[in-house]
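User: Could you take me through the features of this model one at a time, giving the general idea of each before the case itself?

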Amino acid sequence: MTVDIWPDADSLAQGIADRLVEHLASVQADGRTPSVVLTGGTIAIAAYERIQAGGVDWSSVDFYWGDERFVPAGHADRNDQQARDAFLTRLGVPEARIHAMPAHGCSESMAEAADGYAATLPADPFDLVLHGVGPDGHIASLFPGFPQVHETARRAVEVFDSPKPPPQRISLTYPALNHARSVWLIVSGDGKAEAVARAVGGADVDSTPAAGAAGLDETVWLLDEAAASKLPA
């Protein structure tokens with residue numbers, strides 16, 4: 001595990017954007033098509049807005065999501081729509097590379113939609129999974145004390161009673177989220193400092209789901225000083 005700290009949210013957002021471009025360019029230089037699982041949240045969107053084309057072929061990057069609000073396609077609350085607005089459209093990412101989760105109004109039940117999305121996930125590990133972390137320590141839509149935290153068979157699940165609105169969501173589970181070469185947890189603000197300290201300190205996943213996030217090659221915490229303020233010196 002690695003912990004990197006920036007002075008404030010603005011510098012953190014820029015650091016995430018720069019590191020993401022460098023990471024994708026490196027994967028492409030190795031002759032592979034990068035696969036990335038995106039997250040939502042304030043710091044993630046701030047980072048996405050700062051992404052520049054760099055040395056990345058944006059027509060050859062596959063984007064997935066760790067979770068999604070089960071609201072209609074195009075709704076401003078959807079993580080995929082926010083990512084489109086922040087950088088996917090601007091950088092010309094083809095629609096075929098944008099693997100959005102099913103939306104409210106589809107012909108499937110939420111369970112069917114979750115299983116259908118799981119079937120679209122690559123067999124090979126993701127190159128990168130990005131996580132935001134909530135003040136309660138949740139990642140994706142895996143919340144403290146919820147049964148989805150203990151799911152080991154299904155790679156995507158339905159969530160009906162999210163403590164954060166809207167209550168209906170689809171989320172990847174640890175078997176999918178941790179099937180990744182690199183996992184980055186990106187966190188800003190002192191309101192999340194206690195959750196960060198618990199997760200980095202190895203809390204149990206029931207109380208702090210972020211503690212269960214782990215990459216196959218690397219697990220990196222990217223924090224501003226406020227989010228890192230309760231970590232041991």
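Predicted model: local features only at pLDDT ≥ 70, side-chain atom pairs only at ≥ 80, totals over all residues.

User: How is a pocket defined, and what volume does the largest pocket have?

Analyst: On a 1 Å grid over the protein atoms alone, a pocket is an open set of points with protein on both sides within 12 Å along at least five of seven lines, whereas a cavity is a set where a 1.4 Å probe fits but cannot get out; lining residues have an atom within 4 Å of a point. Points are joined across faces, edges and corners, and a volume is the space filled by probe spheres set on them. Here the largest pocket has a volume of about 410 Å³.

User: Which residues lie nearest the centre of the largest pocket, and which element gives the most to its lining?

Analyst: The lining holds 24 residues, and Gly40, Gly41, Thr42, Lys164 and Lys192 lie nearest the centre. Helices (H or I, at least four residues) and strands (E, at least two) are DSSP runs numbered from the N terminus. Helix H1 (9-29), helix H2 (42-50) and strand E4 (67-69) each supply at least two residues of this lining, with H2 giving the most, namely four. With Ala, Val, Leu, Ile, Met, Phe, Trp, Tyr, Cys and Pro taken as nonpolar, Asp, Glu, Lys and Arg as charged, and the others, Gly among them, as polar, the lining of the largest pocket divides into nine nonpolar, nine polar and six charged residues.

User: How many cavities of 30 Å³ or more are there, and which residues line the largest cavity?

Analyst: The count comes to one cavity of 30 Å³ or more, and the largest cavity holds about 40 Å³ of space. Its lining consists of Leu121, Pro122, Asp124, Phe126, Arg155, Ala176 and His179, which by class are four nonpolar, one polar and two charged residues.

User: How many aromatic pairs does a search of the whole structure find?

Analyst: Rings of Phe, Tyr and Trp (its six-membered ring) pair if their centres lie within 6.5 Å, and planes under 30 degrees apart count as stacked, over 60 as edge-to-face and the rest as tilted. The search finds six aromatic pairs. One of them joins Phe63 and Phe87 edge-to-face, at 5.7 Å centre to centre and 85 degrees between the planes. This pair links distant parts of the chain, 24 residues apart, with Phe63 in strand E3 (residues 62-65) and Phe87 in helix H3 (residues 79-88). Ring pairs also link Tyr48, Trp58, Phe63 and Phe87 into a cluster.

User: Is Ser171 buried or exposed, and what does its side chain reach?

Analyst: Buried means under 20% relative accessible area, exposed over 50%, and partly exposed in between (1.4 Å probe, protein chains only). Ser171, in strand E7 (residues 169-172), has a relative accessible area of 0% and is therefore buried. Its side chain reaches the backbone nitrogen of Ser141 at 3.1 Å.

How values were computed
Residues numbered from 1 in each chain as written. Heavy atoms only, no water. Polar contact = N/O pair within 3.5 Å; in protein donor to acceptor, adjacent residues only side chain to side chain.
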